[in-house]
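Here is a short tour for anyone who likes to read a fold with the coordinates open. Take a look at the chain below, and then we can walk through a few of its local details together.

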Amino acid sequence: MVEGRWRTAGRALLRVIVVWVVSTLTMLALAGVLPDFQLQSDDGDSITRTAITAAWGAGAFGLLSALVWPVLVRALLLVPALVLGLLVFFLNGSLLLVALWLIPDGRGAADPETAVVVAAVMSAVASTTSTALAVRDDNAYRRRLSRLADRRRRRRGEDGGRMCHPGTVFLQLDGVGYEVLRRAAEEGLMPTVASWIGATHRLTPWRTDWSSQTGASQLGILHGSTYDVPAFRWYEKDTGRVVVSNRPAGAVELQRRAIERTGDGGLLTVDGASRGNLFSGGADELALVLSMAARRGPGNRSRAGYFAYFSDPANAVRTALSFIAEVAREIGQSTRARLRGDRPRVGRGGLYPLIRAFATVVEKDVVVAAVVGDMLAGRTAVYADLVAYDEVAHHSGPHSRDTGKVLERLDRSVALIAKVAEHAPRAYRIVLLSDHGQSPGETFTSAYGLTLKDLVRAGCGLPVSRRVGRSKSGAEARDAAGDALRSALHRRLEEEGTQEHPAAGSDPIVLASGNLALISFPDTAGRLTREQIERRHPALLRTLANHPGIGFLLVGSEEHGSVVLGRGGVEVPLAQLAGDGPLAAFGTGAADAVRRTDSFPHVADIMVNSMYDSRTGTVHAFEEQIGSHGGLGGEQSQPFLLSPLDLSAPVPPGAELVGAEQVHRVLRCWLRECSGPEVPIGPPQDSRPESKSEEDIPVGHPALPDENV
């Protein structure tokens, strides 16, 4: 045993020496090509003296990176993540300047701008060299994984034996629909997933509620309830506020309501970890969880998980370089799309390249590293969300070449997690799933020349812009929209003397959630009925229902409780609603989904779902998205569940998996099958200990390759 330890120590020392030598050679090369970077005195030095200076500088830079960098990153936890990514270069350059200052006789010098470049190159070269050495030595790689796992088990007071019960990793590929995943596997974009389907895993589609978006689906999956989540964003008359699912305050409130309704702490209450999610699932171990973002204390901030990853300068530089490469990739792809004249198309300028790079690089790298740490620590249940595809598909389209590249990178992340499972202290069952899909289509504004808010204001007899009042187009659909708009404006004059005028300041609130929109009248308490709306605004419901870009409306009714309105004066009481009539194109389960949403306390005065073309699978988003989700129509309502064959089937043969709440029950069943955590009735997350998740994310890990540059 002693001899083995000496051999291990010798190999580690050899790797350090090799990295040092390579870093020294890199510094010499950079000094030769960069005019503002020197390693010699003003009078010149011999080759030997210059090499010694370079070795000194490389060694000092390496030590500073190992010792000072973690302290700097911890001090910068309060800095927004996007800013931190840019600061990485400047901080690294500052460390290099300090390292040059430490060289005896002042032989090292560089301009600040040059120092940033030199530090970035040296960190990348050192990381690549270390990774290459680890890859060549499989035994050393396995030993490192084992040491990391043993260290975490000792910290948790566990013995070193292999755990007898398997753990479960739930990896959510945000926005990847069933058909998208199936096609990507068939076309070779996702070889890891393709090798699983039918061989080790079963692929099962499931159907979302009317609100096909992460706020509802992930809340249901992790906390077992989607009740009273009518959309991604909605107005609540009783509180006078707009609830948005992906804002910290909104996520906190939705999680609190779900826990109160179900009595459960969540899916991950016992020995669970939540990574990159909107909600905690009851887990104690957290990283990048939005519902915890508003809590005080460094350990509970949503970005606390960044510390462990960015505390390693190689990780920081690698991710920062990938971030810049992704920004350049997005600019290039959007430019080519404009030059080709791709349709449909939305604007991709402003901050969007930075937002995309954060989702596809920073968030992915940090979340994957966190999952690796959880597996090495032997946690029983892990749920993580990778949002890269969803972000890109909104602006590039769900079936575009851009999203195909993202799917390839996601597959590599899945392969990495599967590889790490081989070295974990317990066996792991990896479940892939999604929360919704996406449906393509031109935006409502692009197709008809006006926003839904414009159309609503016109139907209410409120002022609209001259451009909207004259909206015309040679296209047949836009002509129909113009006719509806002019008709609404004309009726305003005819009926001005008879309609009930709302109070001042009662402009309707129009909120979009993909191809679903919610219209509320804030000057009234409670939900307005159809009859009340028509007395106030006689043109509004007819204008909306007859518009070619709108599929159907849901409104309350004094006579029928609630009714669904469609084009041509179609009106169906909710109790009589079936799969035909206005909902015929929207497929199985649409009527049940609409009925359930109608029962929510915060359903809007008017619920608007866009048209859906079943031949092309397209919808019209009321937001600036050419790949959208949030309502009914097409692939957005059909996510997937890819589960190991040794777990029970999600549903019996011939049955359908419907709703995120049912998915939650399936996942709970699987955790019981793995002898994992029962999901007990427990208090909300706020009563649990503070997260210590950053301690369990491995840094400087050879299994975290740079796949984005």
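This is a predicted model: local features need pLDDT of at least 70, side-chain atom pairs count only at pLDDT 80 or more; totals for chains, interfaces and linings use all residues.

## A glycine and its contacts

Setting aside the neighbours within four places in sequence, Gly 634 is in contact with Ser 439 and Tyr 612. Gly 634 sits in the loop that runs between strand E20 (627-628) and strand E21 (640-644).

How far apart in space are Gly 634 and Gly 617? Their C-alpha atoms are 5.3 Å apart, while in sequence the two glycines are separated by 17 residues. Gly 634 counts as partly exposed, because its relative accessibility is 26%, and the buried class requires under 20%.

## Aromatic pairs

Across the whole structure, a search finds seven aromatic pairs. One of them joins Phe 444 and Tyr 448 in a tilted arrangement, with 5.2 Å from centre to centre and 55° between the planes. Phe 444 and Tyr 448 are about one helical turn apart, because they lie four residues from each other in helix H16 (residues 444-448). Both Phe 444 and Tyr 448 are buried.

Phe 586 and Tyr 612 form another tilted pair, with their centres 6.0 Å apart and an angle of 35° between the planes. This pair links distant parts of the chain, 26 residues apart: Phe 586 belongs to the loop between strand E16 (571-573) and helix H22 (590-598), and Tyr 612 belongs to strand E18 (residues 612-613). Are these two residues buried or exposed? Phe 586 is buried, with a relative accessible area of 11%, and Tyr 612 is buried too, with 17%. Together with Trp 210 and Phe 552, Phe 586 and Tyr 612 make up one aromatic cluster.

How many disulfides does the model contain? The count comes to zero. Cys 669 is in no disulfide, and the nearest cysteine sulfur to it, that of Cys 674, lies 9.6 Å away.

Cys 669 counts as partly exposed, with 27% relative accessibility. Cys 674, likewise in no disulfide, is buried, with a relative accessible area of 2%.

## A nonpolar patch on the surface

Leu 13, Val 16, Ile 17, Val 21 and Leu 25 form a nonpolar patch on the surface. Together these residues have about 460 Å² of accessible area.

Ile 17, a member of that patch, lies in helix H1 (residues 2-33). Its relative accessibility is 39%, so Ile 17 counts as partly exposed.

## The chain as a whole

Stepping back, the protein chain has 23 helices and 22 strands. Of its 709 residues, 58% are buried. The accessible surface of the chain comes to about 28,400 Å², and carbon and sulfur atoms account for 56% of that area.

What share of the contacts with a separation of 6 or more comes from residues 24 or more positions apart? For this chain the figure is 74%. The pair of Phe 586 and Tyr 612, 26 residues apart, is an example of a link between distant parts of the chain.

Terms used. Residues are numbered from 1 along each chain as its sequence is written. Side-chain values use heavy atoms; hydrogens and water are left out. Patches are made of residues with over 30% relative accessible area and no salt bridge: like charges are joined within 9 Å, nonpolar side chains (Val, Leu, Ile, Met, Phe, Trp, Tyr) within 5 Å. Accessible areas come from the Shrake-Rupley method with a 1.4 Å probe; for residues, only the protein chains shown count as cover. A salt bridge is a side-chain nitrogen of Lys or Arg within 4 Å of a carboxyl oxygen of Asp or Glu. Helices (H or I, at least four residues) and strands (E, at least two) are DSSP runs, numbered from the N terminus. Buried means under 20% relative accessible area, exposed over 50%, partly exposed in between (1.4 Å probe, protein chains only). A disulfide is a pair of cysteine sulfur atoms within 2.5 Å. Contact means heavy atoms within 4.5 Å. Rings of Phe, Tyr and Trp (its six-membered ring) pair if their centres lie within 6.5 Å; planes under 30 degrees apart count as stacked, over 60 as edge-to-face and the rest as tilted.
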